[in-house]
Amino acid sequence: MKLNRREFLALTGKTAAGAVIFAACGLPERELIVQSPVDLPEDLVRGEDAWYATSMGDFTNGDGVLVRVMQGRAKKIEGNPDHPVNRGKATARYDSALQLLYHPDRISEPMLRYSKAGNLVPIDWDAADTRFMEALSNATGALTVVTNPLRGHLGSVASKFAAQYDGKHMAFDPTEQGVLHGAVKSVLGQDQLPTFDIANAQTVLSFGADWLGTWGSPAQFGVKYGEFRGQHNRGYLIHAEARMSITSAAADLWLSPIPGTEGDLALGIARVITSEGLVSNENNAAFNAALPGGLGSHGIVDVANRTGISVDRIENAARYFAEHTPSVAFGGGSAGAHTNGSFNLGAIYALNILVGAVDSKGGVISNPSSALDGVPASATGASFGEWEKELAQWRAGNVETVIIRGADIVHGMPNSVAIREALKNVPNVIAFGAIHDDTMDFADLVLPEQTFLESWGSDIPEPGPGYQVIGTQQPVVGLTISNDESGLISDARGFGDTLLDMSDGSYGRNMEGLVRGSLSDLHDTGSGSVSASSASLFTDGALQRGGWWDTSKVGSSSLGKVNTSQKNASYSNTGSLGAGNDFNLIPFHSTSLFDGRLAASPWAQQTPDPISSASWSTWAEINSKQADDLGIREGDVLLIRSSSGEIEALAYPHPGIRPGVIGIPMGQGHHRSGRWAEGRGSNVLSILVDQKDAATGALAWAATQVRVQRAGRRVKVPKFEGNVEARPVEPGVPVLVVGVGETAHDAQEANHHEYQKQFLGESRESGEHE
Amino acid sequence: MATAEFGSHNWGMVVDVDKCIGCNACVIACQAENNIPLNTQDRVERARSISWIRVERYWEGDFPDAKARFIPIMCQHCENAPCEPVCPVYATYHNSEGMNVQVYNRCVGTRYCANGCPYIVRFFNYWEPVWPKSLRNHLNPDVTIRSRGIMEKCSFCVHRIRRVSRKARSEGHEVADGAVQTACSSSCPTSALIFGNFNDPNSKVSQMKEDQRHYTLLDQFGTDPNVIYLAKIDADKKVGAGEAASHG
């Protein structure tokens, strides 16, 4: 039904008037709907949609997703209910990643820089292929393929391609997980990261890892957390982290240790457990066997002094952990990002031995190796020490060609390694990507890369659910035509397919063939989640479900020892950094931007940080009382200086961070990355100092000390807090809280009583003068 | 499987605050599903951002006992909605399925409804919504793009309800419990948000509504919301300490 404006106004006027009359007469509002000739558009949904099961590549740790597609366009990304990792649930990152597909600043075509000092100019794919082949022709023995840590088929192709040219495949992760992998290997004897049976645990004790927000597999852990809280006996969460992350906020008991003392805290907890005889002699013996030197210097008072946590709190945590079982302990993130990171994480994971939680229900569950030969189930970045050596080769001119994909190394590496100078000395730098990033400013050839929604691949979740899983990735949209019919948004190609085109063909012709071939191999095993009479039907079934999994293929542990080569943390020096106050710098992942890989997405930019509620900016979290003492107020521009450089951030004081610690989110400070990210905020990764974990050589990214000084300016922090007037349950009670077994009604009564006492006076409340 | 008769739905939501971790997955899922304009930095700074669901964070206590509490807030779809009687053009009304409905093409933007809403969940479009052309590809065709000058708010993803209801009707069966998921409840990793039919006594929401932790926001206003909250549990809170819990 078509209406012109005059008819529309007449109709709506009559409808509104009629509606008022009908309402006054008490007619049911159903009449209103029937009589209204102007339907609510949402009542008339049209068109058919299709939902495709796939994986998200770089943006999750192997979650399974469903993508809603209408008329060839992707509309929404949700969790795949069939997938065993995230079981239909999502994170804020899912839909943000969708915006990269249709981003207005997507690289539309290949670009070439004819000289190092020149500009990038568009070329066609034939010319790009020719240039690529030229770059490879002299690169045998002098090729490095740089990617983000890649599992699944893409990781396999990148490694084999590098090997074909006698080169290296180096993965880069600005917050590398090598310390975590090393600790899990040395203490539990596992090659893959284990999973944690949070859903069946009575007590969870975690250190440093914001597992509900950013660490590991937040969607997987979130599902388990919901079950953990929903048990008949509600689970109890203890979390140790210097700043209030969303995991700290969810904890029943939050411990805020001095950064770098997380291992001491773990052993202090162990000391209480052993000295009070809270576990069996057998577990005690196994724990002592795993800890060279035993608990020698970790008396409870010493630990309290070292960690800054009171004896009471340590004892409470220890007793809860040992007495309310099953219990599980794990750690990562900032707890492992110190010069003694391996010791910290080793001591934390050894707590599972003490309470008998290894490979048991409600404990730490090992994951099996990959179901596919040569397809990696685990990936971690090369250590910072290895990167320093590699970059020395680049600077010396010993590397002819560097191929980069999924790793914005110019943004992610500290200033101290002088990555820009290193790139300038490589004759051929070839960069893949969907959106121009900081690294591409140093690339000779830029190639537009398909997103995960346009390309084939696979992903093996890490951590997995405790059994073998292969997640599949398939194109869910065709050519991405722009909405104004001006043509293709991007004439992109898949990274894997491009490498295979340039290869000798010995390890595959294209990614689709590799994925389908592997699924066919899985069909031959005759086990797992898909059952079909032919390999073809099996492959279709696996693609429709988003992958294949086999609950009968599980892993196992073999207990080892904690690496105690360096027990005490050391920090960078601030001696010559001018005026200001010294703080331990704790960089943390943004829940939406992560390490910056989603900075181009406006949805990721606008997502409020859960703790500060800030968006679109870089802020610095500082303890509110300390801020008062230092005269720092919200919005003050702070100069944050380390021996590697200086950045600016907006002060955000709050009570949930340890005095002496400053927390700054990663993800901003891009020179490039599209219109919504360019020139926004500061890059905290750039000022990290080149300290390393003693055992692995990994970057100790939480061991930088900074000097903080007010710049003398103040600006408004772009945040949601305060935009809406708070409507508390009672004054001073914004959110209704009950004790265990208490009803909401009783809690409300108690709050009201407290309010009367506080605001009307004790005497009136008690009724003495009535 | 719990079912309900055709047309006998009273849609509502239960929010288990004890499970909410404040991750904002619901917020972005809602933005994507409902074609909500981009909340640019300028709009955030001017307190003009639009977010049909928001997660509020409150601080309690000081270091080292500081606690951050989260609570998701969206339109409460009140049975006695203060926003409804104040609308001069009947753009907002209560439908037969328990939902507070906003008819965009009737709204003339008086903002009386926003003034009347105690939950502050109604949003005015101060500007025409603008997306770069390529980003318009991901707009949801089931949801109207609201123009400048009108109000908008959470619709309980009414278009999803319609899709599922239409399918159920065409297949000759009733809408099963759990078949309709709003974008926010679908995304929530911890299942803190549960959507369903309060008319069905066997539905999950009906059962959760009986939990002793249930309460409604701003109960004293008598708005009778269709969003029920389950209170946050503090394991260390001393219940019945002193006189507090015993007073009634």
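# Briefing on a predicted two-chain model

A:Phe287 is found in helix H10 (residues 281-290) of chain A, where helices (H or I, at least four residues) and strands (E, at least two) are DSSP runs numbered from the N terminus. This is a predicted model, in which local features need pLDDT of at least 70 and side-chain atom pairs count only at pLDDT 80 or more, while totals for chains, interfaces and linings use all residues. Residues are numbered from 1 along each chain as its sequence is written, and chains are lettered from A and ligands numbered from 1 in the order in which they are written.

**A:Phe287 and its surroundings**

- A:Phe287 counts as buried because it has 24 C-beta neighbours inside 10 Å; the term buried asks for 20 or more other C-beta atoms within 10 Å of a residue's own, with exposed meaning 12 or fewer, partly exposed lying in between, and C-beta atoms placed from the backbone.
- Leaving aside neighbours within four places in sequence, A:Phe287 is in contact with A:Ala270, A:Ala350, A:Ile353 and A:Leu354, contact meaning that the C-beta atoms of two residues, placed from the backbone, lie within 7 Å.
- From C-alpha to C-alpha, A:Phe287 and A:Gln756 are 53 Å apart in space, and they are 469 residues apart in sequence.

**Nonpolar cores**

- The largest nonpolar core has 267 residues, of which A:Ile269, A:Ile348, A:Tyr349, A:Ala350, A:Leu351 and A:Ala620 touch the most other members; such a core is a set of buried Ala, Val, Leu, Ile, Met, Phe, Trp, Tyr and Cys residues joined through C-beta atoms within 7 Å.
- Helix H13 (residues 341-354) of chain A supplies the largest share of this core, nine residues.
- Apart from this core lies another, of 20 residues, which includes A:Trp456, A:Phe538, A:Leu543 and A:Trp548.

**Strand S6 of chain A**

- Strand S6 (residues 143-147) of chain A is largely enclosed by the rest of the structure, because five of its five residues are buried.
- A:Leu143, A:Val145 and A:Thr147 point one way from S6(A), whereas A:Thr144 and A:Val146 point the other way.
- S6(A) pairs in the parallel sense with strand S14 (residues 401-405) of chain A over five bridges, two strands being paired if DSSP finds at least two bridges between them, and A:Val145 has A:Ile403 as its bridge partner in S14(A).
- S6(A) also pairs in the parallel sense with strand S7 (residues 168-171) of chain A, over four bridges, and there the bridge partner of A:Thr144 is A:Lys168.

**Helix H3 of chain A**

- Nine of the nine residues of helix H3 (residues 93-101) of chain A are buried, so this helix is largely enclosed by the rest of the structure.
- The cover over the buried residues of H3(A) includes strand S2 (64-70), strand S3 (73-79) and helix H20 (602-606) of chain A, together with helix H1 (25-33) of chain B.

**Where chains A and B meet**

- The contact takes 97 residues from chain A and 89 residues from chain B.
- On the side of chain A that touches chain B, the largest share, eight residues, comes from helix H22 (residues 744-760) of chain A.
- Strand S26 (residues 737-738) of chain A pairs in the parallel sense with strand S11 (residues 232-233) of chain B over two bridges, and A:Val737 stands opposite B:Lys232 in S11(B).
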